[in-house]
Amino acid sequence: MKKRKTAAMMNLNLKLIMKLGLTSIVILIITGTRHPAFAATPSDSAKVEQEVDSLLSRMTLAEKIGQMTQIDRKYLKSDSDIAKYYLGSLLSGGGSSPEMNTPSSWAEMCDGYQSYALSTRLKIPLLYGIDAVHGNNNVKGAVIFPHNIGLGCTRDSALVEKAERVTAEEVAGTGINWAFAPCIAVARDIRWGRTYESFGETPELQVEMAGAAVRGFQGDSLSGHSLVLACAKHFVGDGGTTGGKDQGNTVCDEATLRKIHLPGYVEAVRDGVGSIMVSYSSWNGLKMSANKYLLTDVLKGELGFKGFLVSDYAAVDQLQGDYSEEVKTAINAGLDMIMVPEHYRRFISTLTGLVNDGKVPMSRIDDAVRRILRVKFAMGIFEHPYPDSSWTATVGSPAHREVARACVRESLVLLKNKGRVLPLKKNLRRIVVAGKNADDLGNQCGGWTISWQGSSGDITTGTTILQGIKDAVSKETDVIYSRDGSGAKGADVGIVVVGETPYAEGAGDRTDLSLSDEDMAAINNLKRAGIPVVVILVSGRPMIITKALKEANAFVAAWLPGSEGEGVADVLFGDYKPSGKLSHSWPKSMSQIPVNYGDTKYHPLFPYGFGLTY
Ligand code: BGC
């Protein structure tokens with residue numbers, strides 16, 4: 001792929017530097033000014049533009065507004081509405097699955113929807129979106145990767161690219177052509193329930209991983225070879241809200257917003273990301289879905305984003321005024337596709353009325369549809385509207401699970417290893433494993449797994465951390481599971497797996513991140529048995545661990561590792577050395593939050609980047 005500097009972009013950067021001063025120079029140097037890799041070559045681009053022009057000129061207003069409409073499949077009144085309203089896109093929100101949750105029923109379902117779109121006069125194919133945020137996580141049997149917080153600790157962007165390529169194959173294998181990922185939030189306050197969806201607290205990590213993830217999904221450019229359209233989210237400042245409140249308000253000046261929260265988008269655009277989701281959150285009191293300056297002037301203008309902007313789920317309904325006012329504000333601000341997701345007839349008639357009354361200019365509608373069609377043509381889905389069904393057999397394959405297992409072991413961060421208790425020998429006589437997260441696939445996967453919020457228990461195919469330990473040790477070793485850690489006397493070592501249970505979005509906002517009484521009791525019971533204690537923390541963020549850390553001989557942060565629990569054993573038993581580095585500063589107490597690398601007073605329990613090895 002050729003990356004060029006254009007005179008126009010250099011000019012723009014000069015203007016920016018004059019406007020924003022020195023801090024921006026640093027960002028611009030880091031992020032560079034390559035030409036967006038939106039299509040493989042300039043001639044591909046020109047061809048796409050011609051196709052778009054020709055199609056757009058033949059479209060009625062109803063067909064155009066249909067392209068701008070996205071609904072959750074569960075709200076479709078009748079499948080034939082796809083054709084009747086010329087819908088441009090459907091989605092499955094978290095857990096919006098077919099009755100039989102198998103890869104082939106997903107593929108069948110999506111192919112069925114696509115055939116309605118192709119039955120229309122202009123045969124414009126659908127984009128079908130899904131939150132494939134750690135693997136194709138709604139689908140039973142799909143490989144579940146560690147959530148982004150763990151991937152950030154790997155500092156291994158090549159591995160992240162590989163992981164997203166695997167995810168893209170598993171998404172394509174279910175008949176789906178659009179992933180609402182990567183989430184490139186910069187989580188600045190770990191009380192936020194979406195902290196684990198972010199690669200970490202610094203823009204450097206966001207930049208490092210954003211491009212890799214986009215390339216993993218789409219390839220080097222958006223083209224007929226792209227398996228899946230990527231969607232960077234949530235633009236912009238979602239991780240900067242006051243108090244870590246989900247969908248809250250990010251209060252900062254523009255230079256700070258550009259320095260902390262924007263660089264990942266510069267990178268994603270440069271790597272040709274075809275879609276970007278606009279955040280529910282506000283910036284200095286103004287909802288992002290209403291922020292014309294940031295959506296249109298900065299993202300589409302300055303950064304040269306050529307793809308389309310999709311709203312978040314029912315986000316438009318949160319704007320001010322009646323529904324008509326809300327839709328007008330969002331579309332005029334620059335949103336191109338609206339994740340309605342339910343009352344689509346109302347959305348379509350409202351937007352039609354606004355255009356007919358001159359309140360939304362036709363030029364804005366044309367720009368939105370042009371952007372959506374550009375992505376559809378560039379991806380080649382007019383020629384190949386049905387993803388290649390040969391990917392279906394790869395969903396959850398051993399080869400895919402191997403990649404996830406590598407992600408797990410690289411994401412582990414060793415925080416303490418007193419007396420070099422780790423690595424453990426594989427031929428110990430007796431190991432007691434304790435804790436509520438030791439033998440719970442749902443807990444180790446976290447939110448956004450099979451359902452939106454995730455849940456405890458045997459929710460899909462995979463290996464628990466306990467099973468991984470059992471598989472790793474010698475035939476002579478007894479591995480005993482005691483949830484509360486009782487009866488551990490006489491064992492060689494106790495391994496206790498504690499932490500959080502699943503949540504997603506605002507349901508995970510917390511004011512207290514201490515370990516539960518149940519977790520502390522399990523740790524203390526092992527301790528009382530007089531054996532070395534290894535604590536493994538399964539959580540979507542750093543927690544307050546000062547007491548537990550004192551009791552532990554060794555302490556490992558495992559984040560939300562996903563379906564491949566063997567990755568934990570790989571490191572515990574020394575087949576691989578720990579190499580993970582913290583993607584977050586680790587606070588001593590709740591009162592120290594927020595704490596971020598670069599703060600003037602910076603005395604965390606463990607600094608950003610910390611991680612021991614053997
Ligand atoms: C989330 C998005 C997600 C969308 C669709 C929203 O609630 O904020 O991240 O992509 O739902 O499921």
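Glu197 and Arg194 are both buried, and in this predicted model they also pair up: a salt bridge joins them, with the closest N and O atoms 2.7 Å apart. Opposite charges on side chains can pair once the charged atoms get close.

| Salt bridge | N to O distance |
|---|---|
| Glu197 and Arg194 | 2.7 Å |
| Asp570 and Arg405 | 2.8 Å |
| Lys47 and Glu51 | 3.7 Å |

Take Asp570 and Arg405, whose side chains meet in a salt bridge. This pair ties together distant parts of the chain, with Asp570 in helix α21 (residues 566–572) and Arg405 in helix α16 (residues 398–411), 165 residues apart. Asp570 is buried, with a relative accessible area of 4%, while Arg405 has 22% and so counts as partly exposed.

Glu51 is partly exposed, because its relative accessibility is 25%.

Some salt bridges share partners, and in this way Lys300, Asp336, Arg364, Asp367 and Arg371 end up in one network.

Now for the nonpolar side of things. The largest nonpolar core runs to 188 residues, and Phe235, Ile276, Leu351 and Ile495 have the most contacts inside it. Helix α15 supplies the largest share of this core, eight residues. Domain 1 (7–393) and domain 2 (412–592) both contribute residues, so the core lies between them. A second, separate core has five residues, among them Ile190, Leu513, Ile544 and Ile593.

What does Leu351 touch, leaving aside its neighbours within four places in sequence? Its contacts are Ile65, Met68, Val327, Ile331, Val360 and Ile365.

Two of these contacts, Val327 and Ile331, are also among the buried residues of helix α13 (residues 323–333), along with Tyr323, Glu326, Ala330 and Ala333. Looking down the axis of α13, the buried residues fall within an arc of 165°, so they line one face of the helix. Their cover includes α12 (292–302), β11 (338–339), α14 (344–356) and α15 (362–378).

Notes:
Residues numbered from 1 in each chain as written. Predicted model: local features only at pLDDT ≥ 70, side-chain atom pairs only at ≥ 80, totals over all residues. Heavy atoms only, no water. Buried < 20%, exposed > 50% of the residue type's maximum accessible area, 1.4 Å probe, protein only. Helix = DSSP H or I, 4+ residues; strand = E, 2+ residues; numbered from the N terminus. Arc of directions from axis to C-beta. Contact = heavy atoms within 4.5 Å. Core = buried A, V, L, I, M, F, W, Y, C linked by side-chain atoms within 4.5 Å. Domains from an automatic or database assignment. Salt bridge = Lys/Arg side-chain N within 4 Å of Asp/Glu carboxyl O.
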